[in-house]
Amino acid sequence: MNSGPAQRDVEIRASIDELREAEKEVRGVREEGERWQQENPPPTEPKTVQRLAEVDEFESRNEAWNKLYRERRERLEQAQARLHAAQKKLVSLLPQHIGYEYKGKRYQREGNAYRVDNIG
């Protein structure tokens with residue numbers, strides 16, 4: 001008995017599940033970053049100061065804000081890299097000209113990409 005097609009089904013379904021998780025992660029990280037930026041706008045640079053300590057305070061706050069922003073940006077880039085890897089893997093597993101149905105959706109390979117359609 002040949003377990004090739006059954007094993008391939010397992011791989012495709014695992015890849016689709018991984019893709020969905022990666023999409024969910026990207027969405028969550030992006031929403032969290034947007035919410036954080038709304039709650040923590042970057043410090044505004046003073047136009048004039050009465051003492052030079054104000055410049056140092058601004059630079060310190062700005063540096064701290066930029067560090068937190070970069071951390072959030074890196075998390076988003078990592079999540080997007082995971083998503084792109086999952087997309088690439090799914091494309092490599094999908095049949096060339098035949099749609100694959102799983103959990104109410106049809107995944108159709110189109111060259112180096114794929115299309116998802118709701119069914120039923």
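Reader: Is the crossing of α1 and α2 left-handed or right-handed?
Author: This is a predicted model, where local features need pLDDT of at least 70, side-chain atom pairs count only at pLDDT 80 or more, and totals for chains, interfaces and linings use all residues. Residues are numbered from 1 along each chain as its sequence is written, and side-chain values use heavy atoms, without hydrogens or water. Helices (DSSP runs of H or I, at least four residues) and strands (E, at least two) are numbered from the N terminus. With the near helix turned anticlockwise from the far one by less than a right angle, the crossing of α1 and α2 is left-handed.

Reader: Thanks! Which way does α1 run relative to α2?
Author: The axes, lines fitted to C-alpha atoms over the stretch in contact, lie 8 Å apart. Between their N-to-C directions (scale 0 to 180 degrees), α1 and α2 make an angle of about 160 degrees. Angles over 145 degrees count as roughly antiparallel, so α1 is to α2 roughly antiparallel.

Reader: How many charged residues are in the contact of α1 with α2?
Author: Nonpolar means Ala, Val, Leu, Ile, Met, Phe, Trp, Tyr, Cys and Pro, charged means Asp, Glu, Lys and Arg, and the others, Gly among them, are polar. The contact of α1 with α2 has 16 nonpolar and four polar residues, and its charged residues number twelve.

Reader: Which element of the chain has the highest mean pLDDT?
Author: The chain averages a pLDDT (the predictor's confidence in each residue, from 0 to 100) of 93, and 98% of the residues score at least 70. Among the elements, strand β3 (residues 113-118) has the lowest mean, 93, and the highest, 96, belongs to α2.

Terms used: Angles under 35 degrees count as roughly parallel, over 145 as roughly antiparallel, 65 to 115 as roughly perpendicular and the rest as oblique.
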